[in-house]
Amino acid sequence: MNRTDWETVIGLEIHAQLTTRSKIFSGASTAFGAEPNRQACAIDVALPGTLPVLNRGAVERAIRLGLAIEAEIAERSVFARKNYFYPDLPKGYQISQYELPVVKNGAITVQVGEGEAAYEKTVRITRAHLEEDAGKSLHEDFHGMTGIDLNRAGTPLLEIVSEPDMRSAEEAVAYARALHTLVRWIGVCDGNMQEGSFRIDANVSVRPKGETRLGTRREIKNLNSFRFLQQAIDYEVRWQIETLEEGGTVQQATVLFDPERGETRVMRTKEDAHDYRYFPDPDLLPLVIDRAWIEEVRSNLPELPQALRRRLVEAHGLTPYDANLLTASKELADYYLAAVAAAGQALAKPCANWILGELAARLNRSGIEIGESPVRPTHIAALVQRVHDGTISHAGAKKVFEALWTGEGQDVDAIIEAQGLEQVSDESALESLVDAAIAANPKSVEEFRAGKEKALNALVGQVMKASRGAANPQRVTELLRRKLTG
Amino acid sequence: MPAIDLDRIAELARIELTPDSAAAFRADLERVLALVDRLQAVDATGVAPMSHPLDLPQRLREDIVTESDQRDALLALAPAAENGLYLVPKVIE
């Protein structure tokens, strides 16, 4: 069998750390970067006699996410104990949700690929459940002992579990990115992958094309970048196919990705898989969410990326690709919308071009976030308007942009004036230049009159040169055409 | 009644069993399972599974930081601590 005979099947489990101020079951702070154990209270360190009390903010964020993926919000959900022993889990169990999660049966439609090859893919989301994070083990040597920092213990997480709907690493990355955009868009997670706020586990299996049963999967744990997600899946798929083609079998296992070597490594096999012995946590009553609360959360949701994308294509006339880029973050989308609001919807396309072109390149090069851009949306709008009404050329607009970027000027019209960028559009001023060009280039004139349209460009070029670029090329073209055909 | 895999249960609970205590545990667990069998025998058709004996919803707290830093007091309870960390025997899984 050759490679094309295999189909890849991927499902993702994503842990999104929620943006609450306090922990999921205690009033300790969740702020990042505190000294070890300064934010681990008696509940977080599991002192006997303490009891968990659920954070309303964590539930509210779960509802937000559920609504954003068009899922069912469970009227009643239950917290369960997931039992295992590890020193960074002082209770000996993690409080999670098992049989009755707070969110189930959602879906998200994502754009995969670019240009001609781009297509839409809907990934079903089986469930999203609330749970607490564990602490951190530090294995550096403390006289042969392990150090435990419990600041992270009890931090609220939403585990978002997809169906095995993805068929390539590219689809998995597109889905993970879309979810990453979405959680930040609706403000439930800051998405900081370096700090571990958004962690991805990938379940990967392969099967012969046409087979409907799933192959044996291996779970790649704790991927903290989209690049690693891609690399880990690519490696894993290659490994599984090679193993099967050589007559071997894939054993169900949990593996880790080693970014330095670019390969996955077995962490534990099915034989020593954990037996978590889930059972309902007697310390916590069922979580009941009423319709009124759901509707209140719904009314506070912003327009979602998918809906906005559709609007940008249908009402603003953008390509799906540009619409996808502009909705990569709420900040970028808001910036674009503010520019279009000021410029007018008819100028949406040039606004998008400036933002995705010049501005994106400059931001990228200088490592500045869109929110800190010295060039504001109103600047983009004024720039686009001045190009549109013929006041400045595209080359002139680039100079204005430069002045705005460096802070040399704050006002588009003032910069145009200060730098003398205004194009000469006045007919009487242009007429003598046009006449001179016609007189000096009889050959081009003849060619144009003989039907060669291109000859006109040569004449326009002559006028532009004579005006040192100050003439409005559109006006010059009109004037030349009128004089030569009239 | 299903066979009791006492070694597996002890391993999951991280409990070391002596032959004497093993016999006592086995007897206890057999009694627990017998009780469960009696419960299983009840016809519960149409009864929604119960996750908690109290028929009440969970009360929620507002998302406010209410705890102050008690690190030193809590670390003092631990058998070993250093540099603000709890120290435990080396565990690498």
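Two helices of chain A, α12(A) and α14(A), are oblique to each other. Before I go on, some ground rules. The model is predicted, so local features need pLDDT of at least 70 and side-chain atom pairs count only at pLDDT 80 or more, while totals for chains, interfaces and linings use all residues. Residues are numbered from 1 along each chain as its sequence is written, and chains are lettered from A and ligands numbered from 1 in the order in which they are written.

Back to the helices. Helix α12 (427–440) and helix α14 (454–466) of chain A pack at about 125°, with axes 9 Å apart. Axes are lines fitted to C-alpha atoms, for helices over the stretch in contact; angles run from 0 to 180 degrees between N-to-C directions. Helices (H or I, at least four residues) and strands (E, at least two) are DSSP runs, numbered from the N terminus.

Who meets whom? From α12(A) come Leu433(A), Val434(A), Ala436(A), Ala437(A) and Ala440(A). From α14(A) come Leu459(A), Gln462(A), Val463(A) and Ala466(A). By class, that contact has eight nonpolar residues, one polar and no charged. Nonpolar covers Ala, Val, Leu, Ile, Met, Phe, Trp, Tyr, Cys and Pro; charged covers Asp, Glu, Lys and Arg; the others, Gly among them, are polar. Contact means C-beta atoms, placed from the backbone, within 7 Å.

Now the domains. Chain A is assigned domain 1 (3–277), domain 2 (302–418) and domain 3 (427–485). These bounds come from an automatic or database domain assignment. The centres of domain 1 and domain 3 of chain A, taken over C-alpha atoms, are 65 Å apart.

Next, the sheets. An open sheet of nine strands in chain A runs β3-β7-β8-β11-β1-β12-β13-β14-β15, with mixed pairing. Its edge strands are β3 (72–73) and β15 (263–269) of chain A, each pairing on one side only. Two strands pair if DSSP finds at least two bridges between them.

Take the pairs in turn. β7 (103–112) and β8 (119–132) of chain A run antiparallel, joined by nine bridges. There, Thr109(A) has Thr122(A) as its bridge partner. β1(A) and β12(A) are antiparallel over eleven bridges, and Leu12(A) stands opposite Ala202(A). β12(A) also pairs with β13 (218–223) of chain A, antiparallel, over four bridges. Ile200(A) is partnered there by Leu223(A).

What lies across these strands? Helix α2 (169–185) of chain A lies across β1, β7, β8, β11 and β12 of chain A, at about 115° to β7(A).

Chain A has another open sheet, three strands in the order β6-β5-β16, with antiparallel pairing. β6 (93–97) and β16 (279–280) of chain A are the edges. Five bridges join β5 (79–83) to β6 of chain A, with Phe79(A) partnered by Gln97(A).

Last, chain B. How many residues of chain B are in contact with chain A? The count is 32, against 41 residues of chain A. β1 (60–61), α3 (71–75) and β3 (85–89) of chain B each give two or more residues to that side. β3(B) gives the most, with five. By class, the chain B side has 17 nonpolar, six polar and nine charged residues.

Four bridges join it, antiparallel, to β10 (145–149) of chain A. Thr146(A) is the bridge partner of Val88(B).

Notes: Contact = placed C-beta atoms within 7 Å. Parallel < 35°, antiparallel > 145°, perpendicular 65-115°, else oblique.
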